[in-house]
Amino acid sequence: MLLLLTACSVLVGPSVDQCLRAELTQTCLEKVPAGPSTVTFNDWAEVVNACAQMAYYQAIRQPAVIRPECLAK
C-alpha cells in the first residue's frame, strides 16, 4: 500500500523565488556602469534583459524554501 501511495504522489519541481529574483535583478542593474546619455539603438534593453534572465535562473529554488508570498504564480 505504501508503495502505491508513493508512486501516486505528485513530484513538485523547482520554482522561482520572485522576491529573490527581484532583488537579484535590482542588484545587477545597480552594478551596471553609467552609459552614454544618447544612443542610436537600444543597448539598455539588452542589459535589462540580461540582468532579468540571470536573476531568473539564480532564483530557482525548491518550493519548500520559498516564502509563500514569493512563489511564482
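Colleague: What should I know before we start?

Modeller: This is a predicted model, where local features need pLDDT of at least 70, side-chain atom pairs count only at pLDDT 80 or more, and totals for chains, interfaces and linings use all residues. Residues are numbered from 1 along each chain as its sequence is written, and side-chain values use heavy atoms, with hydrogens and water left out.

Colleague: Okay, what makes up the secondary structure of the chain?

Modeller: Three helices and two strands. Helices are DSSP runs of H or I with at least four residues, strands are runs of E with at least two, and both are numbered from the N terminus. Starting at the N terminus, the order is α-β-α-α-β.

Colleague: What does the pair of Cys19 and Cys70 tie together?

Modeller: Cys19 sits in helix H2 (residues 18-31) and Cys70 in the segment after strand E2 (60-61), so parts 51 residues apart in sequence get tied together.

Colleague: How do you know whether Cys70 is buried or exposed?

Modeller: Buried means under 20% relative accessible area, exposed means over 50%, and partly exposed is in between, with a 1.4 Å probe and protein chains only. Cys70 comes out at 0%, so Cys70 counts as buried.

Colleague: How many disulfides does a search of the whole structure find?

Modeller: Two. The other link joins Cys28 and Cys51, with sulfur atoms 2.0 Å apart. Cys28 is in helix H2 and Cys51 in helix H3 (residues 43-58), so this pair ties together parts 23 residues apart in sequence. That link is left-handed too, at -65° about the S-S bond. As for Cys51, 3% relative accessibility makes it buried.

Colleague: What pattern do the disulfides of the chain follow?

Modeller: It's 1-4, 2-3, counting bonded cysteines along the chain.

Colleague: Now the rings! Why do Tyr56 and Tyr57 count as an aromatic pair, and what kind is it?

Modeller: Rings of Phe, Tyr and Trp (its six-membered ring) pair if their centres lie within 6.5 Å; planes under 30 degrees apart are stacked, over 60 edge-to-face, and the rest tilted. By this rule there is one aromatic pair. Tyr56 and Tyr57 are 5.1 Å apart centre to centre, with 85° between the planes, so the pair is edge-to-face.

Colleague: How much of the chain is buried?

Modeller: Of its 73 residues, 15% count as buried.

Colleague: And which contacts in the chain join residues at least 24 apart?

Modeller: A contact means heavy atoms within 4.5 Å. Among contacts between residues at least 6 apart in sequence, 81% join residues at least 24 apart.

Definitions and conventions. Disulfide = S-S within 2.5 Å.
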